[in-house]
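Here is a short note to read beside the model.

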Amino acid sequence: MQFDLDEEQRAIRDTVRRFTEQEIVPHASTWDEQEYFPREVYLKMATLGLLGMTIPEIYGGSALSRTVAALVYEELARGDMATAVGLSVHNMVAGSIARFGNAEQRERWVQRLACGELLGAFALSEASAGSDAASLQCRAERRGDHYVLNGTKMWVTNGGEADLYLVMARTSPVRGSQGISCFVVEKGTSGFRFGKIERKMGLRSSPTRELIFEQCAIPLGQRLGEEGQGFKIALSSLDGGRINIGAIAVGVAQAAFEVARSYACQRTQFGQPIGAFQAVQFMLADMAMKIEAARLLVYEAAYKLDHEQNASMYASMAKCFATDVAMEVTTNAVQVLGGAGYVRDYPVERYMRDVKVAQIFEGTNQIQRVVIARALLGNIR
Ligand code: COS
């Protein structure tokens, strides 16, 4: 058992920390206010190798372990959760094409995703298929050498900005997960357009948009994996995505904790720093303790995925625990700052608004508990 980072891991973490301080922290609150998606920052992240984090080097990726990727996401999220989430979704798409794509598909897309020429997005949810993802209704009908897509996708992170969409669609009227396949759809394909942009409480610089498919013809060569495998591709991609979200939550929580600690040392009331009051000390102690526990659980889940042990339960534990902790920590950080925490002079209100969605997306924390319970108990009825 090893709790220290090695030299290389420390170097990667420090590089990303510096990048975040210079390129992200100074702008994050403006991006939030203006709902501005900083595509130029993604190009800079590409030069650091962050746009193909877990994909093999032969495709221009960095071949980082999941554990090191978790360090990267944590550091970026300390500056801006929205940017870290957009990056996570992009990497999930790049990783899925590298993993499930055939040679031609890898050749065609993976390198371009890794270098930042293409940005990826992941489209599973629909208006009536959220937690029950297997009930999705978007249709992909086979017609000779192509499929015709009809339907609508919702809650698509990077929607509109991304160039490449992993779209789960029903290829067979069979109900449930068996009849779902996965397609790579390029922006600009005839019959594919963007719908409503969501107006969100937080994560405002990360676009969330509806996708609309109307008689959209997709060549057979753009189906990822076999027909009927789409649900498994989606869920196994989400195993990694959920660990990333756990790491991101740790980063946001850490940032909130640091603001609260520094404020508690400076702010004086009743003739002493508020950090001298045990009520505030205990809040800070709880924050630090829970962040540390969440971080360790994220690393453990990442380690399990790296070593191909059955990681789904751990991914769900890490996502659920870390995001619940981050919600609690950011809320308490606002509380420590009092009125100052509620206004935009400090970033903690943004952290709190942003992190709420982490308890909801990539599977609600209730769904994570379902996954954990099923792993522990089987499909008990
Ligand atoms: N990796 C690979 N395969 C998986 C998997 C995973 N993590 N989880 C489930 N599967 C497989 C199962 O093994 C099963 O395969 P078989 O039919 O061969 O046995 C198939 O997928 C269906 O699994 P299951 O019966 O568990 O599906 P359910 O419909 O009961 O749904 C939940 C399972 C609820 C866990 C799933 O729908 C879910 O995660 N929902 C949340 C969706 C989500 O995260 N949306 C966010 C999108 S991004 S905003």
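1. For residues 228-377, UniProt lists "domain: Acyl-CoA dehydrogenase/oxidase C-terminal" in an unreviewed entry. UniProt positions are given in the numbering used here, feature names are shortened, and annotations may be inferred rather than shown by experiment. The span 228-377 is 79% helix and 3% strand, and its end C-alpha atoms lie 27 Å apart. Helices (H or I, at least four residues) and strands (E, at least two) are DSSP runs, numbered from the N terminus.

2. The model is predicted: local features need pLDDT of at least 70, side-chain atom pairs count only at pLDDT 80 or more, and totals for chains, interfaces and linings use all residues. Residues are numbered from 1 along each chain as its sequence is written, and side-chain values use heavy atoms, with hydrogens and water left out.

3. Over residues 121-216 the chain is 51% strand and 0% helix, with 18 Å between the end C-alpha atoms.

4. The protein is divided into domain 1 (7-114), domain 2 (120-228) and domain 3 (237-377); such bounds come from an automatic or database domain assignment. Between the C-alpha centres of domain 1 and domain 3 there are 21 Å. In domain 1, 23 residues are in contact with 31 residues of domain 3, where contact means heavy atoms within 4.5 Å.

5. How do helices H4 and H7 cross? The axes of H4 (residues 66-79) and H7 (residues 230-266) come within 7 Å and cross at roughly 40°. Axes are lines fitted to C-alpha atoms, for helices over the stretch in contact, and angles run from 0 to 180 degrees between N-to-C directions. H4 and H7 are therefore oblique to each other (under 35 degrees counts as roughly parallel, over 145 as roughly antiparallel, 65 to 115 as roughly perpendicular and the rest as oblique). Their crossing is right-handed, a term used if the near helix is turned clockwise from the far one by less than a right angle.

6. On the H4 side the contact includes Arg66, Tyr73 and Glu74, and on the H7 side it includes Gly240, Ile248 and Glu258. The residues of this contact divide into eight nonpolar, four polar and four charged. Ala, Val, Leu, Ile, Met, Phe, Trp, Tyr, Cys and Pro count as nonpolar, Asp, Glu, Lys and Arg as charged, and the others, Gly among them, as polar.

7. The axes of H3 (residues 39-47) and H5 (residues 81-100) come within 11 Å and cross at roughly 60°; this crossing is right-handed. Val41, Tyr42 and Met45 of H3 meet Ala82, Thr83, Gly86 and Leu87 of H5. By class, the contact of H3 with H5 has five nonpolar, two polar and no charged residues.
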